[in-house]
Amino acid sequence: MPDFAPRRAAFQKLHERGCFVIPNPWDIGTARYLRHLGFHALATTSSGFAFSRGLPDTDWAVPLDVALRHIAEIVAAVDLPVNADFESGYAHHPEVVAENVRLCIETGVAGLSIEDATGDPRAPLYDLPLAIKRIAAARAAIDASGSGVLLTARAECYLVDHPDPLQESIRRLQAYSEAGADVLYAPGPRERKDIKAIVGALSPKPVNVLMSSNTGLRVSDLAELGVRRVSVGSALARAAWSAFIRAAKEIAEEGAFTGFDGSIPFAELNTFFREDRKNCQ
């Protein structure tokens, strides 16, 4: 059994100061290439993985056992800290969330995130008292494990079109911080002022910001705003899907192969994986 303590310690250290990017691979190959590029940690993407399985995201379509196998596969693929996108804990009730968090810790992750989205469009967010209990249950499971895994709490207000997503995100994340979350995350804000407001309201706890499109902001800009961690969610997977769909449509609709222009050469990619395989043996 690998010793995951060094990875978990390294992950904790990354959150102490500065700003780092934690990109989101969706399979072994993308995880290893991101490691090759020099990133210091990775995070799984529930949507990127769901799409690779021909399933939708946010609909609880990926079963817990399948998600756990995928997380373990990414952890085993690299020698970097891995944060698990653990959706809503794959359960509604706090005690079941706690048990599932325990199973996630066993995969070797250095961190995991728990959302407050219910998956029900009629009531898209858990009522705050229940949402707090769910985070507290995840915290208790991590503490009982003695693993040092970092707990990220997510407020999904922007993603479910809450009428006041900024203030509700801050209200919820402050409550999750009190419940024991180590890192706080409200995916969705794109404006500098909103990001700055979230960071300021939650200081000194580290804040994760999602960059899922080109807003014009760079990592250096986010660092100046006080952001500690930057993830990209499904964006890398969607970039790959975009190139695939564009090229496939041109073949199907026009009989043309121009969608292959600019593709990385086979030899370059094959050589990378040949050398990477040798280094992993």
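Student: In which hand does α5 pass α6 in their crossing?

Tutor: This is a predicted model, in which local features need pLDDT of at least 70 and side-chain atom pairs count only at pLDDT 80 or more, while totals for chains, interfaces and linings use all residues. Residues are numbered from 1 along each chain as its sequence is written, and side-chain values use heavy atoms, with hydrogens and water left out. The axes of helix α5 (residues 94-105) and helix α6 (residues 128-145), being lines fitted to C-alpha atoms over the stretch in contact, come within 8 Å and cross at roughly 40°. Taking a crossing as right-handed if the near helix is turned clockwise from the far one by less than a right angle, the passage of α5 by α6 is right-handed.

Student: Which residues of α5 make the contact with α6?

Tutor: Contact means heavy atoms within 4.5 Å, and on the α6 side the residues include Leu130, Ala137 and Ile142. On the α5 side they are Pro94, Val97, Ala98, Val101 and Ile105.

Student: Within what arc do the buried residues of α2 fall, seen down its axis?

Tutor: In helix α2 (residues 28-36), the buried residues (under 20% relative accessible area, with a 1.4 Å probe and protein chains only) are Thr30, Ala31, Leu34 and Arg35. They line one face of the helix, because the directions from the helix axis to their C-beta atoms fall within an arc of 140°.

Student: How many disulfides does a search of the whole structure find?

Tutor: A disulfide is counted as a pair of cysteine sulfur atoms within 2.5 Å. By this criterion, the number found in the whole structure is zero.

Key. Axes are lines fitted to C-alpha atoms, for helices over the stretch in contact, and angles run from 0 to 180 degrees between N-to-C directions. Helices (H or I, at least four residues) and strands (E, at least two) are DSSP runs, numbered from the N terminus. Buried means under 20% relative accessible area, exposed over 50%, partly exposed in between (1.4 Å probe, protein chains only).
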